[in-house]
Each structure stands twice: as C-alpha cells, then as structure tokens.
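Walk through this model with the sequence alongside.

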Amino acid sequence: MLKVGLTGGIGAGKSEVSRLLASYGAVLVDADLIAREVVAPGTPGLARVVAEFGPEVLLPDGGLDRPKLGSIVFADPARLAALNAIVHPLVRDRSAELERRAGPGDVLVNDVPLLAENGLAKVFDLVVVVDAAEGTRLDRLVRLRGMPEKEARARMAAQSSREDRLAIADLVIDNDGPLEALEPQVREVWAELRRRAQRS
C-alpha cells in the first residue's frame, strides 16, 4: 500500500483533485469530510465544541453553524488552536480506522488540508501538493464560493504559506489554469502513484 498525503491551500482545487483520484481508483480518506462527521449532531465532538465556544455556534436544528464558528476562529489564532485541539485527534482516530480497510496494493490518498501546518509530511510515503497562486485562490473563494474578501484573506492567512507547502511536496499539481488543464496532470500523477504502489 502506498500512503499519499494530498494537500493544498484553500481555493487551490484540492477537492477536485481528490475527486478525480478517487474516480481512478484511489482509496480516499478525506479529512474535511471526517472533520464534519466527528462534530455531527449527537457526537461527543460537537458537545466539546459547544462547551468550548458556547451554544451560539449551533444552528436551530442542532447542527454546527460553520460560518459562525469560522468567523470566531479564523480571526483569533488562540481560538483556532482550541478548536484544532478538539477536532484533530478525533479526525486522526477516524482516519486510522478507515486506513485499516485499504488493501496491500492500494493507493491510499489522505486528503489533509492542514498537512503542512501540522507537520504531517513524514507520516506519508509521499506528498502531493495542489498549487495555485494566491490571486487565483482569492478569486475562486470570492467569485465561486461567494466568500467575503476579508474572510477569504483571513482563511488563507491562517494556513501555511505557499512556499512551506511546496517545500514538503514530492509531486506538484499546478492548478493555476482552467479546469480542463487539471485532469491530464492528475491522470499523470495517478499513473506515477500506481507505479510506486506496485513497487512498494
């Protein structure tokens, strides 16, 4: 089994890359999806978030108000650290559980937004970074996701720098261009991952 860490700054297009890799046959462990799962209504994770941040981070239906929580934590590094201390161990445990289901010849892709920030590069056989310029990422967040520019910039600033991510990359997917330029690159990376998995 080849253990791959996939990362990229917010707005770089990492989710699209992970979707493509999964469609080619990768076993995908998506930290974002798991992070939602571990704070779903009725979970101990959500109870701990509410205990830390107060009931104002809940929606009327009892779910987590992500925009509200985001506005709190992305403006205050100490509050972000408090949230991460709750969520990251839960995500790590659930990810490990999913990883155990992968077979010996599989390519296991861990989609980890904060891979660089949390010093996780050594955990993987190799790291794939989806890269795009800051201006491109900002434009996507504001234009495509409808995020206010100030919030988009705060979220980008809360992550590692582009240089720090590239420094840990074994393979880089350049997603600065249009979507149609992305798929051929991802196919090429997938072929390389399959080659390496067969050798491991």
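The second largest pocket holds about 150 Å³ of space. The model it belongs to is predicted. Which residues line the second largest pocket? Glu-134, Gly-135, Arg-137 and Leu-138 do, together with Arg-153, Met-156, Ala-157, Gln-159, Ser-160, Ser-161, Arg-162 and Arg-165. Helix 6 gives the most, with four residues. By class, the lining has five charged, four polar and three nonpolar residues.

Now turn to helix packing, starting with helix 5. Helix 5 spans residues 77-99. Helix 3 (residues 44-53) packs on helix 5 at an angle of about 165°, and the two axes are 10 Å apart. Angles over 145 degrees count as roughly antiparallel. Helix 3 and helix 5 are therefore roughly antiparallel to each other. Their crossing is right-handed. On the helix 3 side, the contact is made by Gly-45, Arg-48, Val-49, Glu-52 and Phe-53. Helix 5 answers with Arg-79, Ala-82, Leu-83, Ala-85, Ile-86 and Leu-90. The residues of this contact divide into seven nonpolar, one polar and three charged.

Helix 4 (residues 66-73) also packs with helix 5. Here the angle is about 125°, with the axes 7 Å apart. That makes helix 4 oblique to helix 5. Leu-69, Ile-72 and Val-73 of helix 4 meet Pro-77, Arg-79, Leu-80 and Leu-83 of helix 5. Six residues of this contact are nonpolar and one is charged, with no polar residue. Look at Arg-79 and Leu-83 in helix 5: they meet helix 4, and they also take part in the contact with helix 3.

The next pair is helix 1 and helix 9. Helix 1 covers residues 14-24 and helix 9 covers residues 182-199. How do these two helices cross? Their axes come within 10 Å and cross at roughly 50°. The two helices are therefore oblique to each other. The crossing of helix 1 and helix 9 is right-handed. Helix 1 brings Glu-16, Val-17, Leu-20, Leu-21 and Tyr-24 to the contact. From helix 9 come Leu-182, Glu-183, Val-186, Arg-187, Trp-190 and Leu-193. By class, the residues of this contact are eight nonpolar and three charged, with no polar residue.

Technical notes:
Residues are numbered from 1 along each chain as its sequence is written. This is a predicted model: local features need pLDDT of at least 70, side-chain atom pairs count only at pLDDT 80 or more; totals for chains, interfaces and linings use all residues. Side-chain values use heavy atoms; hydrogens and water are left out. Axes are lines fitted to C-alpha atoms, for helices over the stretch in contact, and angles run from 0 to 180 degrees between N-to-C directions. Angles under 35 degrees count as roughly parallel, over 145 as roughly antiparallel, 65 to 115 as roughly perpendicular and the rest as oblique. A crossing is left-handed if the near helix is turned anticlockwise from the far one by less than a right angle, and right-handed if clockwise. Contact means heavy atoms within 4.5 Å. Ala, Val, Leu, Ile, Met, Phe, Trp, Tyr, Cys and Pro count as nonpolar, Asp, Glu, Lys and Arg as charged, and the others, Gly among them, as polar. On a 1 Å grid over the protein atoms alone, a cavity is a set of points where a 1.4 Å probe fits but cannot get out, and a pocket is an open set with protein on both sides within 12 Å along at least five of seven lines; lining residues have an atom within 4 Å of a point. Grid points are joined across faces, edges and corners, and a volume is the space filled by probe spheres set on the points.
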